[in-house]
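Here's a quick tour of a protein model, written for someone who likes to know the cut-offs behind every label. Have a look at the structure, then read on.

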Amino acid sequence: MAAVLRGSLCLVGRCRKHVDFACVFTRSMASKTQVGFVGLGNMGNPMAKNLLKHGYPVIATDVFPESCKEVQELGAQIVDNPAEVADKADRIITMLPSSPNVIDVYTGPNGILKKVKKGSLLIDSSTIDPSVSKEMAAAALKLGAVFMDAPVSGGVGAASSGKLTFMVGGVEEEFTAAKELLSCMGANVVYCGQVGTGQAAKICNNMLLAIGMIGTSETMNLGIRLGLDPKLLAKILNMSSGRCWSSDTYNPVPGVMEGVPSGNNYQGGFGTQLMAKDLGLAQNTATNTRTPVPLGSLAHQIYRMMCARGYANKDFSSVFQFLREEEGQ
């Protein structure tokens, strides 16, 4: 056994992963000890609920106290700020709207890093700039903690049903411990590489998602103007080469599908403002890497325009409604 441990320690050393092996081993055996959760919005709320459903004691906080009510009623302990979460839990998940929010929650006056314990595992499921994930990882490392980025795909529906996809970046030796928690909230947990690669995968996915949703909306609108029944057109698209997630799972045309935001005046789901933010991240990284993304750039412009025209809080599939209004219908 000692030889096995020595071999594992040597392997960690060769890979230059500055992680305490004993902490990794302890966490892998920690099972259902307390888990901290910061950020109980549209996504964080159902994610925290799924941790509770799987038997994990949850210690949570949110900048809006009213957001804590539902999880508190299910048994979560609510505290005043992220530092208090870190004081009580050595495994913490954060789900926040943007890079500035993440920086404040981790490094602010009442941030996680003010009270973080050595050996803590910090998992951020926000969608932010990969460079910010790397900064947070470096700051955590100085205090003996491990930070991993684990943004999600799937939206509110998948968050509620526990079927999210997590794209994880960070120290590979910590992936098993992270997966134990993330599997309670998702159907797919994929290791992408070092810190920041999870964010890279998410940004690429959302750029394609935006382009696909705009294309589906344009296509459906054109078909309707040509006299096609929208349900029939969707059926044809979904058995043909034009089929995509935006057409067969999240159709943007009201009345075509049930249980999607287009059937509820585009309420709920993934907000247009958040999509514009993610496309902005894609534009920044494309500029930094000198990568041509002409369709991604156009999608960014369209979603920014939508935010300026009153669509900011509507689901991003409302681009169909936006196009219809643009043509005066």
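## Salt bridges

Let's start with Asp248: at 24% relative accessibility it counts as partly exposed (buried is under 20% relative accessible area, exposed over 50%, partly exposed in between, with a 1.4 Å probe and protein chains only). The side chain of Asp248 meets that of Arg243 in a salt bridge, 2.8 Å from N to O. For the label, a side-chain nitrogen of Lys or Arg has to sit within 4 Å of a carboxyl oxygen of Asp or Glu. Side chains of opposite charge can pair when their charged atoms come close.

Before going further, some housekeeping: this is a predicted model, so local features need pLDDT of at least 70 and side-chain atom pairs count only at pLDDT 80 or more, while totals for chains, interfaces and linings use all residues. Residues are numbered from 1 along each chain as its sequence is written, and side-chain values use heavy atoms, with hydrogens and water left out.

How many salt bridges does a search of the whole structure find? It comes back with five. One of them joins Lys49 to Glu70, with the closest N and O atoms 2.4 Å apart. Lys49 belongs to helix α3 (residues 44-53) and Glu70 to helix α4 (residues 69-73), so this pair ties together parts that are 21 residues apart in sequence. Helices here are DSSP runs (H or I, at least four residues), as are strands (E, at least two), and both are numbered from the N terminus. Glu70 is partly exposed, at 41% relative accessibility.

Asp278 and Lys277 make another salt bridge, at 3.2 Å from N to O. Asp278 counts as buried, at 2% relative accessibility, whereas Lys277 is partly exposed with a relative accessible area of 23%.

## Aromatic pairs

The structure holds seven aromatic pairs. Rings of Phe, Tyr and Trp (its six-membered ring) pair if their centres lie within 6.5 Å; planes under 30 degrees apart count as stacked, over 60 as edge-to-face and the rest as tilted. Take Tyr106 and Phe147: their ring centres are 5.3 Å apart and their planes stand at 75°, so the pair is edge-to-face. Tyr106 lies in helix α6 (residues 99-107) and Phe147 in strand β6 (residues 146-149), so the contact ties together parts 41 residues apart in sequence. Tyr106 and Phe147 are both buried.

Phe270 and Phe316 are also edge-to-face, because their ring centres lie 6.0 Å apart with the planes at 75°. This pair links distant parts of the chain, 46 residues apart: Phe270 is in the loop between α12 (245-248) and α13, and Phe316 is in the loop between α14 (294-311) and α15 (319-326). Phe316 is buried, with a relative accessible area of 1%. Phe270 and Phe316 also belong to one aromatic cluster with Trp245, Tyr250 and Tyr303.

## Second largest pocket

Where does the second largest pocket lie? Domain 1 (2-193) and domain 2 (200-323) both give residues to its lining, so the pocket lies between them. The domain bounds come from an automatic or database domain assignment. The pocket has a volume of about 240 Å³, that is, the space filled by probe spheres set on grid points joined across faces, edges and corners. A pocket is an open set of points on a 1 Å grid over the protein atoms alone, where a 1.4 Å probe fits, with protein on both sides within 12 Å along at least five of seven lines; lining residues have an atom within 4 Å of a point.

The lining has 16 residues, and Ala200, Ile203, Ala282, Thr285 and Ala286 lie nearest the centre. Helices α7 (130-142), α10 (197-225) and α13 (272-288) each supply at least two lining residues, and α10 gives the most, with five. By type, the lining splits into nine nonpolar, five polar and two charged residues (Ala, Val, Leu, Ile, Met, Phe, Trp, Tyr, Cys and Pro count as nonpolar, Asp, Glu, Lys and Arg as charged, and the others, Gly among them, as polar).

## Positive phi

Tyr266 has a positive phi of about 60° although it is not a glycine. Tyr266 sits in the loop between α12 and α13 and is buried, at 2% relative accessibility.

Arg290, also not a glycine, has a positive phi near 55°. Arg290 is in the loop between α13 and α14, and is exposed with a relative accessible area of 79%.
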